[in-house]
Amino acid sequence: MDACYLGDDYYVIPDNLYPGNVQAVVYNESIAEKYNIEIPEEYEDTLQFFEELLINAEKSGFPGCPSSRGDGFGIAIPDVNMECFGDSISAAYGVLPDMSSDYIIEDIYETDEFYNYCLKIREWMDKGYLDPDSFSEGRPVLDDLINEKIFCVLSSGAFSSPSRTLSGNKLSYIMKNEPEITGDNVKGQSLAITSFCRNPEKCMEFINLLYTDENLSRLINHGIEGVHYIKKSDHIIELPAGVNPGEAGYGSAMVSIGDSSMNYLYVPDTEDDFENMHNFSSEKAGMSIAFGYSFDAQSVAARVAAVTQVINKYRPGLLCGLVDVENVYPEFIDELKKAGIDDIIAENQRQLDAWLENNGKKSE
């Protein structure tokens with residue numbers, strides 16, 4: 001709950017109560033088994049590992065995808081653990097590039113890590129390793145993984161169980177880092193009552209029920225037993241025979257609404273995975289040094305709007321390998337500066353320093 005305050009005001013209710021987040025390579029295990037694609041158990045360099053998978057998959061006729069498609073995906077650079085202060089979609093506020101030890105906010109787009117990542121994605125696209133429709137609207141990457149249109153994707157999330165079966169296809173992953181908890185993990189997946197709601201008290205009653213009534217929570221998350229799922233044990237379910245996630249209308253997402261410990265897991269998960277989920281986000285997870293701090297962007301709202309427009313213009317093409325990075329990237333950085341990203345970062349740094357001082361934390 002500490003992550004959901006802005007000053008003394010409480011704004012949103014955490015929807016993800018197990019917010020440990022890791023970077024991972026997610027792949028379709030059915031494809032790997034069918035075409036004998038070797039999957040190492042661990043790796044040191046994420047980009048190198050992902051490239052090896054892409055090369056092997058391309059030989060079998062399957063492309064990969066660099067991330068979620070279109071301009072809606074957040075900024076995530078392999079092997080860089082960032083705190084984005086609640087703006088992981090555009091990162092317009094600046095970021096802490098090393099959220100475990102660094103108090104200095106930077107423009108992630110101006111770093112070598114972002115530039116080199118864009119170059120690598122462009123190289124993969126030119127070599128035919130990536131889905132040429134990476135920028136297409138309306139094609140969720142999870143659906144394409146399940147439907148065997150792509151083989152693998154770079155992703156991040158709360159991967160607390162070893163695999164997940166959807167529509168007869170097993171999706172597996174290999175994690176790079178230990179789980180981390182940031183304010184973004186919490187605020188980015190949360191519930192809130194709008195300021196123009198006509199009956200906020202009744203809405204709050206419903207939210208309370210969602211977190212305390214297991215029957216309501218399971219109905220919202222999984223649908224109706226026998227229609228949308230079949231119980232295998234007390235907490236484990238599967239889809240009815242012949243029903244895929246799109247037809248069921250429930251259970252296709254890798255997240256749940258409310259208290260996840262009251263909901264079901266899908267085979268091949270086991271009863272033990274509830275404990276794994278808890279350990280993943282508590283005992284194992286590290287926490288951002290800025291956890292609990294929220295940036296109030298009101299004083300630089302016009303600049304945030306201008307910077308976000310620039311990011312929406314350039315970033316999708318750069319992160320989908322669709323533009324000449326060496327020519328387009330300098331234009332991107334120049335327009336970010338003209339739009340005022342340095343002013344936003346300066347204000348964010350000022351507020352963070354004040355928060356650190358008020359909370360007895362040292363800023364270096």
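This is a predicted model: local features need pLDDT of at least 70, side-chain atom pairs count only at pLDDT 80 or more; totals for chains, interfaces and linings use all residues.
Within α6, I207, L210 and Y211 are buried. These three cover an arc of only 90° around the axis, which puts them on the same side of α6. The buried residues of the helix pack against β3 (13-14), β9 (190-191) and α7 (214-222). On the face turned away from that buried side, α6 carries E201 and T212, both exposed.

Next comes a sheet. Three strands make up an open sheet with mixed pairing, in the order β10-β11-β12. At its edges are β10 (230-231) and β12 (265-266), each of which pairs on one side only. Strand β10 runs antiparallel to β11 (residues 236-238), and two bridges join them. Across this pairing, I230 stands opposite E238 of β11.

Aromatic side chains also find each other, with 15 aromatic pairs in the structure. In one of them, Y115 and Y329 are tilted, with 55° between the planes and 4.7 Å from centre to centre. Because Y115 belongs to helix α3 (residues 112-126) and Y329 to helix α11 (residues 325-339), the pair ties together parts that are 214 residues apart in sequence. Y329 is buried at 12% relative accessible area, whereas Y115, at 22%, counts as partly exposed. Both tyrosines belong to one aromatic cluster together with Y109, F114, Y314 and F332.

Charged side chains pair up too, giving a count of 13 salt bridges. One of these joins K313 and E335, at 3.4 Å from N to O. It links distant parts of the chain, since K313 lies in helix α10 (residues 301-319) and E335 in helix α11, 22 residues apart. K313 is exposed, with a relative accessible area of 55%, while E335 is partly exposed at 26%. Another salt bridge connects K337 with D342, whose closest N and O atoms are 3.1 Å apart. Here K337 is partly exposed at 34%, and D342 is partly exposed at 40%.

R350 and E347 form a further salt bridge, with 2.7 Å between the closest N and O atoms. Both lie in helix α12 (residues 341-358), three residues or about one turn of the helix apart. An α-helix has 3.6 residues a turn, so residues three or four places apart point the same way. E347 counts as buried, at 15% relative accessibility. Finally, E51, K120, E123 and K127 are linked in a network of salt bridges.

Terms used:
Residues are numbered from 1 along each chain as its sequence is written. Side-chain values use heavy atoms; hydrogens and water are left out. Buried means under 20% relative accessible area, exposed over 50%, partly exposed in between (1.4 Å probe, protein chains only). Helices (H or I, at least four residues) and strands (E, at least two) are DSSP runs, numbered from the N terminus. The arc is that of the directions from the helix axis to the C-beta atoms. Contact means heavy atoms within 4.5 Å. Two strands pair if DSSP finds at least two bridges between them. Rings of Phe, Tyr and Trp (its six-membered ring) pair if their centres lie within 6.5 Å; planes under 30 degrees apart count as stacked, over 60 as edge-to-face and the rest as tilted. A salt bridge is a side-chain nitrogen of Lys or Arg within 4 Å of a carboxyl oxygen of Asp or Glu.
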